[in-house]
Amino acid sequence: MGLTLDKTDLLILSLLQGEGRMSNVDLARRVNLSASPCLERVRRLEAAGLIAGYSARLNASALGYGTSAFIQVTLDRTTAEVFDRFRDAVITIPEVAECHMVAGGFDYLLKLRLTGMDAYRAVLTRIVDLPGVAQTHTYVVIEAIKQDTGLPLSR
């Protein structure tokens, strides 16, 4: 990482992680700094790559994407070329919200956001046809118990 973080930096990161639209004046007040030094810290954290960006958390169900599924993908060979071809192809599928190369009994774990089971079937057809795919196993989410709430920044 290279950058030494103090308690104020961690508090800034934690607050922005929870509410990225917070004004600098409000952030400064909540971390007990004046606006200018607070803005300097935020810019330093951004420049160091600790703040990757700002975005809104959307309500998937309200937008018609109430179905989620995880797919384990096993490739037919584990070579750099097969990994690269799979990666280049899977990133083009918009329903794939996340794709992780994993260690263990399979090669990739995909998280899908879908409008329903018809959409799942169409996306699955695309996934099984991706370069190098030998096998898939799907797990449809019945209920999301806990979703990403950010990083636990207390030290």
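1. Searching the whole structure turns up zero disulfides, a disulfide being a pair of cysteine sulfur atoms within 2.5 Å. Cysteine 38 is buried at 0% relative accessibility, whereas cysteine 99 is partly exposed at 31%; here buried means under 20% relative accessible area, exposed over 50%, and partly exposed in between, with a 1.4 Å probe and protein chains only.

2. This is a predicted model, in which local features need pLDDT of at least 70 and side-chain atom pairs count only at pLDDT 80 or more, while totals for chains, interfaces and linings use all residues. Residues are numbered from 1 along each chain as its sequence is written, and side-chain values use heavy atoms, with hydrogens and water left out.

3. Helix H5 has 12 residues, which at 1.5 Å a residue should span 16 Å, in agreement with the 16 Å between its end C-alpha atoms; the expected span is 1.5 Å times one less than the number of residues. Its buried residues are Ala119, Tyr120, Val123, Leu124 and Ile127, and they line one face of the helix because, seen down the axis, they fall within an arc of 135°, taken from the directions from the helix axis to the C-beta atoms. These buried residues pack against E1, strand E2 (96-101), E3 and strand E4 (133-140), contact meaning heavy atoms within 4.5 Å, while Asp118 and Arg121 are exposed on the face turned away.

4. Eight salt bridges are found in the whole structure, each a side-chain nitrogen of Lys or Arg within 4 Å of a carboxyl oxygen of Asp or Glu. One of them joins aspartate 9 to arginine 41, with the closest N and O atoms 2.9 Å apart; since aspartate 9 lies in helix H1 (residues 7-18) and arginine 41 in helix H3 (residues 35-47), the pair ties together parts 32 residues apart in sequence. Both aspartate 9 and arginine 41 are buried.

Key: Helices (H or I, at least four residues) and strands (E, at least two) are DSSP runs, numbered from the N terminus.
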